[in-house]
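Keep the structure open while reading.

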Amino acid sequence: MDDIQAVEAEAPAGSSIADGVVRPLDPRYVDLLIQTGWIASGVATVLVLAGSTLMMLARGITAGSLGVAAGLCVVVVLLAVWLIRWPPVSYRFESYRVDADGLEIRRGVYFRSVTTVPRSRIQHTDVSQGPLQRRYGLATLTVHTAGTENSEVELPGLPHDVALRIRDHLLPGNTADAV
Amino acid sequence: MQSERRLHPLSIIFNIGKRFGALLIPLLVVLAGRGSDEDRWNVYALAFLVPYGVAVVGGYLSFRYRYEPGELVIRRGLIFRNQRHIPYDRIQNIDAVQNILHRLTGVVDVKVQTAGGKEPEATLSVLSLADLDEMRRRVFGRATAATAREAAELAGGVAPPARVLLHLPPRELVIFALIENRGFVVIAAAFGLLSEFSVFSKFLERYLGEEASRGIFRTAARTMFVDGGPSMRVVVFGALAFLAFLLVSRLFSIVWAQVRLHGYSVTQAGEDLRAEYGLATRVTATVPIRRIQAVTIRDTPLHRMLGRASVRVTTAGGGGSGDNKAPQHREWIAPIIRRDDVPGFLAALVPGADLSSFEWRAVHPGAFRRMLTRASIVNTIVVALLSLVMGRGVWWLLPILLAMSIFRSWRRAAYLAWATTPDVVAMRTGALVHVTTVAPLARLQVVERHESPFDRRTAMAHITADTAGGGGIDVPFLAVETADALYGRLAAAAAHTEFRW
């Protein structure tokens, strides 16, 4: 597969993040997604086991109830495999680029997209961190525009300090051509 | 000049009327003494009117607005106090509605709209006409004075000349009514009213026997499927009723258009467009030209036969603040317009858009096959699902649907095209109903390039560009090189133009 060749991993400290270099997301993002996948699979397993037990208590152990339980287990295993195997694949197809004009995001393994958010169109930006993201030192940058269909563009999997640097660069107040 | 103002004192009357309009009829019934015992509760319900009345009076007394140098400030509320600052340059429109009572008393219901969502940012009901004029002057006068051209005009002491862009005489409204059937609205309302008084069931009972009054659709279904076909009398009656329905609905449509859109006109005064229409309820809507995000020209086969089209504009919706991101679709800026007048009209709405200079560029030649493949798969699935429910008999539908798909895909692939000029990007699409969208490059927001596995197999890509009002650009089935060029062009244009509210 012709995955995106990211040139540099990290912008040298002190230099501008807005150098137009295509960068991959933080590799720890893969670990984060895999861990999330394990947690989700665990929750799904517990739910399926509990549900199957209840069903058998209510209906008795019949061929039908065993079949349903087995089917659910197969679904959960497939889901778990997908959740845990997919992140390293999709990671290779995600990258971002910041330059003086704005932010560009590439993503998608099969259905690929390139999204350009012009800096002059940004209304406001969020940098958010969930509990797991905080453990890995990662953050999600969300850019809001005045658009309708696509007014919220998210870029997860950034190191927290990089997310802040990009945000500071994208803030309209930091430019000559402020809105 | 920063003194606070109040609404017109008639606000109290109008607001009480607004809140209790629904209660008015039962109230009259009760007062006339015709109410049965079950209606007696209405009398007790009157007790609830008192606090509402107090709330309306309090609302009036606490409502203040003032003009600050850069913003409109509105204070309201006695217990829950609220102060809202609306910068003038965020205000999209000031809409004024006058119903008959408003016109008799010389006041107007005013809604101040900004880019954020469905609800108006401020509702001032009601203001005197002079106050409305002052508001328009202060809000838009200031905004437009910021532009150099306007400033020069003001310095020269020349008022911006008002130019009539569109005027619809009754004849055009008849054509409009024949093309876009609004009669159903009236008929649906009438139907609801008549069924209230069980006029229909009596009518049907008389002509079709008692069974019919039990429910027109159930009876129809029964005669079709159970009783082995309808009788001659029912067929004739049904056909006549259908014809009559078509005729009457068009007639109602004409009446509706003549009343609702009476004297429809669009004038350009300086940097604003003003649409005015209505016989009973006079509507005046002001749209600053620089707020227009995209223009959509739509024509159906009927429009083309009669040499007409209709034009819509979208102004900014989905503001950056607030969760309510509904776009503000104005219904029409031109409900109907001669096709020859469209280029001139468009040029007035989008400066720099010259429809005749567009060089339309077709999409990838493989688009037809892609569309047809997609439609065929959908058709087959639909028919397969239907056959599960209704038996194998429905498979004869498939060839008909496929033939329609071939025709539609062929027409759509032939018409689908895009164009760019230094100022705007345009696209057109549609099989039978043609839609052309024109958006100024300076209004584009997020630009995206998509590539599905099917796109990659045929070396195609799909470009979308979002605007603040919805109705953006969305061109599928582009050859990859073309897509890359268009993507680069739109992204660069969006990045290097300033987006102004």
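Two strands pair if DSSP finds at least two bridges between them. Helices (H or I, at least four residues) and strands (E, at least two) are DSSP runs, numbered from the N terminus. This is a predicted model, in which local features need pLDDT of at least 70 and side-chain atom pairs count only at pLDDT 80 or more, while totals for chains, interfaces and linings use all residues. Residues are numbered from 1 along each chain as its sequence is written, and chains are lettered from A and ligands numbered from 1 in the order in which they are written.

**Sheet in chain A**

Chain A holds an open sheet of three strands, ordered β5-β6-β7, with antiparallel pairing. Its edge strands, β5 (122–128) and β7 (152–159), each pair on one side only. From one strand to the next, the twist averages 20°. Thr125(A) stands opposite Val143(A) in β6(A). Helix α4 (residues 160–170) of chain A lies across β5, β6 and β7 and runs at about 20° to β6(A). Such angles run from 0 to 180 degrees between N-to-C directions, and axes are lines fitted to C-alpha atoms, for helices over the stretch in contact.

**Contact between the chains**

Residues are in contact if their C-beta atoms, placed from the backbone, lie within 7 Å. On that basis, 27 residues of chain A touch 28 residues of chain B. On the chain A side, β4 (112–118), β5 and β6 each supply at least two residues. β4(A) gives the most, with seven residues. Thr116(A) has Val447(B) in β19(B) as its bridge partner.

| Strand pair | Sense | Bridges |
|---|---|---|
| β5(A) and β6(A) (residues 138–145) | antiparallel | six bridges |
| β4(A) and β19(B) (residues 444–451) | antiparallel | five bridges |

**Helix pair in chain B**

Two packed helices are described by the angle between their axes and the distance between the axes. Helices α13 (residues 367–390) and α14 (residues 397–415) of chain B pack at about 155°, with axes 9 Å apart. α13(B) and α14(B) are therefore roughly antiparallel (angles under 35 degrees count as roughly parallel, over 145 as roughly antiparallel, 65 to 115 as roughly perpendicular and the rest as oblique). Residues of α13(B) including Phe368(B), Met371(B) and Leu372(B) meet residues of α14(B), among them Leu401(B), Ile406(B) and Trp410(B).

Terms used
Two residues are in contact if their C-beta atoms, placed from the backbone, lie within 7 Å.
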